[in-house]
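I opened a new notebook page for this one.

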Amino acid sequence: MVIIKKLSNGIPVVFEEIPYLRSVSFGVYVKAGSAFETKENNGISHLLEHMYFKSTKNRTAKQIADEMAHIGGNLNAFTEKESTSFYVTALEEQLPAAIELIGDMLNNALFLPEELEKEKGVVLEEIDMYDDSPEDLVHEMLQKVAWKDDPLGFIISGEKEVVNAITREELVAFKEKTYTADRMVLSVAGKMDIEETMRLLEENFASFENSKEPLTLTKPKYEPVIFCRTKDIEQVHLNVAFESVSYQSDEKYTLYLMNVILGDGDNSRMFQKLREEAGLTYSIYSYESIYDEAGLFHIDAVLNPKKLKTALAHIEEVIRDFCENGVTEKELDQAKQLLKTDLIIGNESTKSKIYNNGKTYLMKGYLKSIDEVLDDIYKVTCEDVQAFAKKYLRWEKKSISLVGNITEEEIAFIR
């Protein structure tokens, strides 16, 4: 059962008590990410996340690492486009120590200049790592060029030159603007004493104040684009995308079902057509990128560059057939069952529960139970899916991103 309480400063706390467990997960979710940045500070949210693990008024970086290991080594964080998450899974008796440690990190980080310079080097290596990964690059660059000049298209880790120039003063100013009570949600799931946990959370998180300058997101303008990056690898990574719906839209449930039928799994239409029937690619799948004010629907494939033209023709054929002829009741029923299975199994761990509860409440300000979500999914009809596809999967509005050892001649037909 989910219970929502609030600290004295208004920070929501989402509890999901599971008394038969011996473990518990705790997470802090903050509206701080690359979507709230500018060209001049792109990458600052990610750098800030790294810096919280360095020294505080009470601990050195080594002491933080030692206490993380003592708790169980499961304390971590990650930055997304619209949020940053800090989380830990531990035994029940370690929850007070975990809350106090994360509270100290977020309240009392020193952001020492020497630590900042060292951590910049670590982040620059991370940027290089992503740049060396064609499967990451093909996705990130498509969003960057399709949402040109909008922060939602910014790469989360940032540009090397920009990150390297970020100062301690800029870091602190961004922290004070984004890490505020009205932009935070706390989430706890597993074995706990709720009243005692509330007392600990009040001690460690009630000091956060509300925003002086509320930050909001606006809907970015989508433009169909073609992006190519030459990389000396054997295959070409292809990503085709279409404008889609936002996280706030009720149509997202139709999107989820369309995704399952079209490209999410071995029995999907894309997989069957391009891999099983045509033998054009080993890997092909679809997925959705869904954010507060916007979204994209992606089709991703990895293949021999010489098969690129044929593969794109097949993808277009599958999409046109999908839009013109719709889906069968059997396909829709299978997709609903798959989503039901994924939702239930994916929410079985305390780590997934704190993320789902915390992130959903942060984005929407309320929660739906799995049964309520399933009700919305099961309401979707074949006609809904076909109408959605016709509305959004317009081939003339596609964006294409390519990364690999490709020549101008091989991609000339796209332009």
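Predicted model: local features only at pLDDT ≥ 70, side-chain atom pairs only at ≥ 80, totals over all residues.

Entry 1: I began where helix α11 stops: Gly 326 follows α11, and its phi is positive, near 70 degrees. Then I checked the length of α11. It has 18 residues, 308-325, and at 1.5 Å a residue they should span 26 Å. The end C-alpha atoms are 26 Å apart, which agrees.

Next I listed the buried residues of α11. They are Leu 308, Ala 311, Leu 312, His 314, Ile 315, Val 318, Ile 319, Phe 322 and Cys 323. These residues cover an arc of only 165 degrees around the axis, so they sit on the same side of α11. I turned to the face away from that buried side. There I found the exposed residues Lys 309, Glu 324 and Asn 325.

**Entry 2: one threonine.** I looked up Thr 197, in helix α8, residues 194-205. Is Thr 197 buried or exposed? Its relative accessibility is 3%, so Thr 197 counts as buried. A polar atom of its side chain lies 2.7 Å from the backbone oxygen of Asp 193. Leaving aside neighbours within four places in sequence, I noted contacts of Thr 197 with Phe 15, Leu 95, Ile 99, Val 188 and Met 192.

**Entry 3: cysteines.** How many disulfides are there? I count 0. I went back to Cys 323, which is on the buried list of α11. Its closest cysteine sulfur is in Cys 382, 15 Å away, too far for a bond. A disulfide needs the two sulfur atoms within 2.5 Å. Cys 323 counts as buried at 10% relative accessibility. Cys 382 counts as buried too, at 7%.

How values were computed
Residues numbered from 1 in each chain as written. Heavy atoms only, no water. Helix = DSSP H or I, 4+ residues; strand = E, 2+ residues; numbered from the N terminus. Expected span 1.5 Å × (residues − 1). Buried < 20%, exposed > 50% of the residue type's maximum accessible area, 1.4 Å probe, protein only. Arc of directions from axis to C-beta. Polar contact = N/O pair within 3.5 Å; in protein donor to acceptor, adjacent residues only side chain to side chain. Contact = heavy atoms within 4.5 Å.
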